[in-house]
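Please read the following report alongside the sequence and the 3D view.

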Amino acid sequence: KIGNSVTARLYFNFTATNNTSGFYIGGLPYSPTLNHYGGGNIGYLPGVDTGPWAAPLVNSNHISFYNSNATNNLITNNVLGGVQRSIILEVFYQTG
């Protein structure tokens, strides 16, 4: 964190649940000033087509993902197939 700008770089392994709830990554160290803003990119998520995913969004203290198509649907856990995954992700946002 520099001033009110936060950059978080993540690399971790996780086992995805297989349900239709939204896929979120929690535990951000600072809450954003505005919800549903931010940006960044997914550098690595093998076995998942993230091409149609929009840039990550920060809401409260978690990261969420949406399809960039016209429907703008929240990415759900079942897209990850309920198996072990690895992800490399960078996100940036503003905090108070």
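## Terms and basis

Contact, or touching, means heavy atoms within 4.5 Å. This is a predicted model, in which local features need pLDDT of at least 70 and side-chain atom pairs count only at pLDDT 80 or more, while totals for chains, interfaces and linings use all residues. Residues are numbered from 1 along each chain as its sequence is written, and side-chain values use heavy atoms, with hydrogens and water left out.

Asn-61 touches Ile-25, Gly-26, Gly-27, Leu-28 and Ser-31, not counting residues up to four places away in sequence. Asn-61 and Ser-31 are 30 residues apart in sequence, yet 5.1 Å apart in space, C-alpha to C-alpha. Asn-61 belongs to the loop between strand 4 and strand 5; strands (E, at least two residues) and helices (H or I, at least four) are DSSP runs numbered from the N terminus.

Is Asn-61 buried or exposed, or something in between? Buried means under 20% relative accessible area, exposed over 50%, and partly exposed in between, with a 1.4 Å probe and protein chains only. At 35% relative accessibility, Asn-61 is partly exposed. Ser-60, in the loop between strand 4 and strand 5 (62-64), is partly exposed with a relative accessible area of 37%. Ser-60 has a positive phi of about 60°, although it is not a glycine.

## His-62

His-62 lies in strand 5. With a relative accessibility of 18%, His-62 counts as buried. Leaving aside neighbours within four places in sequence, His-62 is in contact with Tyr-24, Ile-25, Gly-26, Leu-28 and Leu-57.

An open sheet of 3 strands has the order 1-6-3, with antiparallel pairing; two strands pair if DSSP finds at least two bridges between them. Strand 1 and strand 3 are the edge strands, each pairing on one side only. Neighbouring strands of this sheet are turned by 15° against each other on average, direction ignored. For such angles, axes are lines fitted to C-alpha atoms, for helices over the stretch in contact, and angles run from 0 to 180 degrees between N-to-C directions. Strand 3 and strand 6 pair in the antiparallel sense over 5 bridges, and Tyr-44 stands opposite Ile-88 in strand 6.

Ser-86 is in strand 6 (residues 84-94) and is buried, with a relative accessible area of 17%. Apart from residues up to four places away in sequence, Ser-86 touches Tyr-11, Phe-12, Asn-13, Tyr-44, Leu-45 and Pro-46.

## Aromatic rings

Rings of Phe, Tyr and Trp (its six-membered ring) pair if their centres lie within 6.5 Å; planes under 30 degrees apart count as stacked, over 60 as edge-to-face and the rest as tilted. By this rule the count comes to 5 aromatic pairs. The rings of Phe-14 and Phe-23 have centres 5.9 Å apart and planes at 20°, so this pair is stacked. Both Phe-14 and Phe-23 are buried.

The rings of Phe-23 and Trp-53 have centres 6.5 Å apart and planes at 55°, so this pair is tilted. The pair links distant parts of the chain, 30 residues apart: Phe-23 is in the loop between strand 1 (5-15) and strand 2 (24-26), and Trp-53 in the loop between strand 3 (39-44) and strand 4 (57-59). Both Phe-23 and Trp-53 are buried. Phe-12, Phe-14, Phe-23, Trp-53 and Phe-65 form one aromatic cluster.
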